[in-house]
Amino acid sequence: MKMVTKLLAASVVAASFASMAQASTLVYCSEGSPEGFDPALYTAGTTFDASSQAVYNRLLQFKPGTTQLQPGLATSYDVSKDGLTYTFHLRKGVKFGATSYFKPTRDMNADDVVFTFERQLDKKSPWYSYVNGGAYVYFDDMGMPGLIKSVKKIDDYTVEFTLTKPNAPFLADLGMDFSSIVSKEYADQLQKAGKMQQFNQEPVGTGPFSFVAYQSDAVIRYKANADYWAGKPKIDNLVFAITPDAAVRVQKLKAGECQIMAYPNAADVAALKKDPNLKVEEQQGLNVAYMAYNTSQKPFDNAKVRQALNMAIDREAIVKAVFEGMAKVATNPIPPTMWGYNKSIKNEPYDPAAAKKMLEEAGVKNLEMNLWAMPVSRPYMLNARRAAEIIQADWAKIGVKAKIVTYEWGEYLKKSRAKDHDGAVMLGWTGDNGDPDNFLATLLGCDAVGGNNVAEWCNKDFNALVTKAAETADQAERAKLYEQAQVIFKQEAPWLTIDNSTVIMPMSKSVQGYVMNPLGSHNFEGVSLSK
């Protein structure tokens, strides 16, 4: 017998919109190109903005501007007393967006939900590795293959998930981008035609916008989904103008070539705030920037070496140079605004002399290494090249010679996950669901080695604490476990924690209804343009 532990609202009222004399188009100056359009294959926010946020929905979704779950493609769910069975009741009448390359013949149903997750679970599925070199990184890194025992269709609008063990973050995980529900009918059509890779190039979803076209590294075009279950968006067309240079994004915004932009350089913010045609919104980010050492390689397999390298870096100088007051030095692998944050932990002191001595005691002399710098602006790191130059100069003072390297963004992410990547990789993370597990397990857990755990760090004591926390229902008990895990992290120093930033979003005053997301994504579903 199952017990209903929580019931979500039964429906979402579709908004009615005033008719417009002519089509309205919102242009968003984005910071980079998506790696693809199947969100299950990737982990980067740039890719999620262009795929899952624009084109898809999930069973549960986060209320705009919060980490609070609300109905998505499921109107309600039941959970068994033992916490192992989740039964989702699906919304009826949900349409997949019609495109030039696919016309759906039925509404979204349980077959689509089962297919969405089974393709990630079943290694024998032709969809498990349909993209050359692709993998379901998020799904694997979060331990989903060992957690989800089965996904079963009960009827057309009821789906049952059975877990192998209780898991507190499970519902929040289903609200994440990798859990976006895809069309089985579209997948079947492509498989029959021998065009499976098109699934990652021309997406089909139930979301607010339908994909139109992508010109590589230049522009992505979408149109409003007229049959969207939550009501047709207020804008008719959405355009992503891909503009990697932050200064150029600012120029385009001021010239009216785009109405909203991502991640300006800190030095430009004051002028943007003074522009009478613009408004600048800001929010404390649920994020952390870090530099991960490859702990599987010498000499970075020695915690003393990693601690010494961290002590040689002036983090305050990085924050001042890159953010000009819009960030604070990070201490832990989770941001201070998140529950479970250990306030008692302190950073290694900035002490180049002590750092040099520690390296000598560890037998490390004349160290030469690569220092990876991201090629794109991210909310947690506006200018990775500048930050890398500061680190490079600091290390030179203790006799460490660092070569700054970078790659195209998609290649950067792919290469950073390879076990043999060299040196230290600069990356960062914005929380996807408001749960510490999303940082500690996804980025530092043993299941994530070879994926998002680019430090290749598998500490059994740390992993045991994080695993136990995920299996514990009481949040206060979970918080204690996460606090203990952070102590181990700091002692072992697989990362240099760099900053927790404030996120800045400049936009035209004509933009109405844009809501900043603490989870870092950009969603234009409720946005309109005033005349």
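Two strands are said to pair if DSSP finds at least two bridges between them. The strands themselves (E, at least two residues) and the helices (H or I, at least four) are DSSP runs, numbered from the N terminus. The views below show a predicted model, in which local features need pLDDT of at least 70 and side-chain atom pairs count only at pLDDT 80 or more, while totals for chains, interfaces and linings use all residues. Residues are numbered from 1 along each chain as its sequence is written, and side-chain values use heavy atoms, with hydrogens and water left out.

**View 1**
Strand β10 covers residues 237-242, and five of its six residues are buried (under 20% relative accessible area; exposed is over 50%, partly exposed in between; 1.4 Å probe, protein chains only). The strand is therefore largely enclosed by the rest of the structure. Strands β1 and β10 run parallel and are joined by six bridges. Within β10, Phe-240 stands opposite Tyr-28. Strand β9 (residues 219-224) pairs with β10 in the antiparallel sense, over five bridges. Here Tyr-222 stands opposite Leu-238 of β10.

**View 1. Aromatic rings that gather and stack.**
Rings of Phe, Tyr and Trp (its six-membered ring) form a pair if their centres lie within 6.5 Å; planes under 30 degrees apart count as stacked, over 60 as edge-to-face and the rest as tilted. By this rule the model holds 34 aromatic pairs. One of them joins Tyr-138 and Phe-178, which are stacked with 5.5 Å between the ring centres and 25° between the planes. This pair links distant parts of the chain, 40 residues apart: Tyr-138 belongs to helix α4, and Phe-178 to the loop between α6 (170-174) and α7 (184-193). Tyr-138 is buried, with a relative accessible area of 1%, and Phe-178 also counts as buried at 1%. Elsewhere, one aromatic cluster is formed by Tyr-28, Phe-37, Phe-211, Tyr-214, Tyr-222, Phe-240, Tyr-514 and Phe-524.

**View 2. A lysine over a tyrosine ring.**
A charge sits over a ring if NZ of Lys or CZ of Arg is within 6 Å of the ring centre and within 35 degrees of the ring normal. Lys-415 lies over the face of Tyr-407, at 5.2 Å from the ring centre.

In sequence order, the bonded cysteines are paired 1-2, 3-4. The sulfur atoms of Cys-29 and Cys-258 are 2.4 Å apart. The torsion about their S-S bond is about -105°, so this disulfide is left-handed. Cys-29 lies in strand β1 (residues 25-30) and Cys-258 in the loop between α8 (246-254) and β11 (260-261), so the bond ties together parts that are 229 residues apart in sequence. Both cysteines, Cys-29 and Cys-258, are buried.

**View 3. The loop between α15 and α16.**
A disulfide joins Cys-446 to Cys-458, with 2.0 Å from S to S. Its torsion about the S-S bond is about 95°, so it is right-handed. Cys-446 and Cys-458, twelve residues apart, are each found in the loop between α15 and α16. Cys-458 is partly exposed, with a relative accessible area of 44%. Glu-456 lies in the loop between α15 (437-444) and α16 (460-470), and is buried at 8%. The phi of Glu-456 is near 55°, a positive value in a residue other than glycine.

Eight of the eight residues of α15 are buried, so the helix is largely enclosed by the rest of the structure. Among these buried residues are Phe-439, Leu-440 and Leu-443. Their cover includes α4 (137-141), β13, β17 (424-430), α16, α17 (475-492) and β18 (495-508).

**View 4. The largest nonpolar core.**
A nonpolar core is a set of buried Ala, Val, Leu, Ile, Met, Phe, Trp, Tyr and Cys residues joined through side-chain atoms within 4.5 Å. The largest has 176 residues, of which Tyr-222, Met-381 and Trp-395 touch the most other members. Strand β18 gives the most to this core, with seven residues. Counting contacts as heavy atoms within 4.5 Å, and leaving aside residues up to four places away in sequence, Met-381 touches residues including Ala-289, Phe-323, Met-426 and Ile-498.

**View 5. Two backbone details.**
The peptide bond from Lys-298 to Pro-299 is cis, with omega near 0°. Pro-299 lies in the loop between β13 (287-293) and α10 (303-311). Glu-324, in the loop between α11 (315-323) and β14 (327-329), has a positive phi near 50° although it is not glycine.

How values were computed
A disulfide is a pair of cysteine sulfur atoms within 2.5 Å.
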